[in-house]
Amino acid sequence: MGVALVLFLLGILGWVVINGRALTRAFKEDLEINVDFHDNVSDANIAKMKSILDNQPFVLKTRIITKEEAAAMQSQVEGSNIVEFLGYNPLFASITMKLEEGYVNTDSLQKIRAFIMQSNIVRDVNWPHMVVDQMHSNFRKIGIVLAGLSTILLIVVIFLIDNTVRLAM
């Protein structure tokens with residue numbers, strides 16, 4: 001009975017690890033990277049940049065956000081119209097990207113930023129740095145805890161099977 005219970009717990013732990021991997025992937029692929037453009041960039045150049053980014057292996061999905069959409073989103077968040085308040089739209093057109101899971105780490109994001117910043121129409125490339133760092137730190141800690149727990153359960157199973165065999169002799 002004891003061996004079956006520990007093996008059952010080890011199986012549940014394996015199931016958690018497998019589903020945790022899918023959850024990790026979902027978190028990483030949900031991270032948004034913003035590519036902001038200079039104020040005088042034409043829509044055609046932004047569309048060209050979008051097509052260049054769409055062809056890159058690290059890009060999962062892209063979306064263009066025009067100055068007007070950015071102002072509408074800002075107004076929705078703040079509850080007041082920034083264009084009416086200032087008399088002009090201070091926001092920039094941008095492209096929002098979602099990346100493949102394997103590229104959501106600090107080193108890859110720095111390389112992607114350097115690649116995109118080569119274009120003279122790009123003003124800035126930004127992402128939530130703290131979120132990326134915390135995500136990796138937390139996933140690493142969870143992995144260590146699960147590996148330790150798996151090791152302990154595996155050792156318990158080995159001792160239980162060994163003791164069962166000794167009792168049978």
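1. A salt bridge is taken here as a side-chain nitrogen of Lys or Arg within 4 Å of a carboxyl oxygen of Asp or Glu, and the structure holds seven of them. The model is a predicted one, in which local features need pLDDT of at least 70 and side-chain atom pairs count only at pLDDT 80 or more, while totals for chains, interfaces and linings use all residues. Residues are numbered from 1 along each chain as its sequence is written, and side-chain values use heavy atoms, with hydrogens and water left out.

2. One of these bridges joins the side chains of Asp 54 and Lys 50, at 3.0 Å from N to O. About one helical turn separates Asp 54 from Lys 50, because they are four residues apart in helix H2 (residues 43-54); helices (H or I, at least four residues) and strands (E, at least two) are DSSP runs, numbered from the N terminus. Accessibility is classed as buried under 20% relative accessible area, exposed over 50%, and partly exposed in between, with a 1.4 Å probe and protein chains only. Asp 54, at 35%, counts as partly exposed, and Lys 50 is likewise classed as partly exposed, at 22%.

3. In helix H1, Glu 29 and Arg 25 are also placed four residues apart, about one turn of the helix, and their side chains meet in a salt bridge of 3.2 Å, N to O. An α-helix has 3.6 residues a turn, so residues three or four places apart point the same way. Glu 29 is buried, with a relative accessible area of 16%, whereas Arg 25 is partly exposed at 41%.

4. The salt bridge between the side chains of Arg 113 and Asp 124 has an N to O distance of 2.9 Å. Arg 113 belongs to helix H5 and Asp 124 to strand E4 (residues 122-126), so this pair ties together parts that are 11 residues apart in sequence. Both partners fall in the partly exposed class, Arg 113 with a relative accessible area of 27% and Asp 124 with 23%. Elsewhere, salt bridges that share partners join Arg 21, Arg 25, Glu 29 and Glu 101 into one network.

5. Helix H6 (residues 129-168) has 40 residues and reaches 59 Å from its first C-alpha to its last, close to the 58 Å expected at 1.5 Å a residue; the expected span is 1.5 Å times one less than the number of residues. Its buried residues are Val 132, Met 135, His 136, Leu 146, Leu 153 and Val 157, and these pack against helix H1 (2-29) and helix H5 (106-117).

6. Ala 70, in helix H3 (residues 67-78), counts as buried at 13% relative accessibility. Leaving aside neighbours within four places in sequence, Ala 70 is in contact with Ile 65, Leu 91 and Phe 92, where contact means heavy atoms within 4.5 Å. Asn 89 is 19 residues from Ala 70 in sequence, and the two are 9.2 Å apart in space, C-alpha to C-alpha.

7. What forms the nonpolar patch on the surface that has about 600 Å² of accessible area? The patch consists of Leu 5, Phe 8, Leu 9, Ile 12, Trp 15 and Val 16. Residues in patches have over 30% relative accessible area and no salt bridge; like charges are joined within 9 Å, and nonpolar side chains (Val, Leu, Ile, Met, Phe, Trp, Tyr) within 5 Å. Accessible areas come from the Shrake-Rupley method with a 1.4 Å probe, and for residues only the protein chains shown count as cover. Ile 12 lies in helix H1 and, at 36% relative accessibility, counts as partly exposed.
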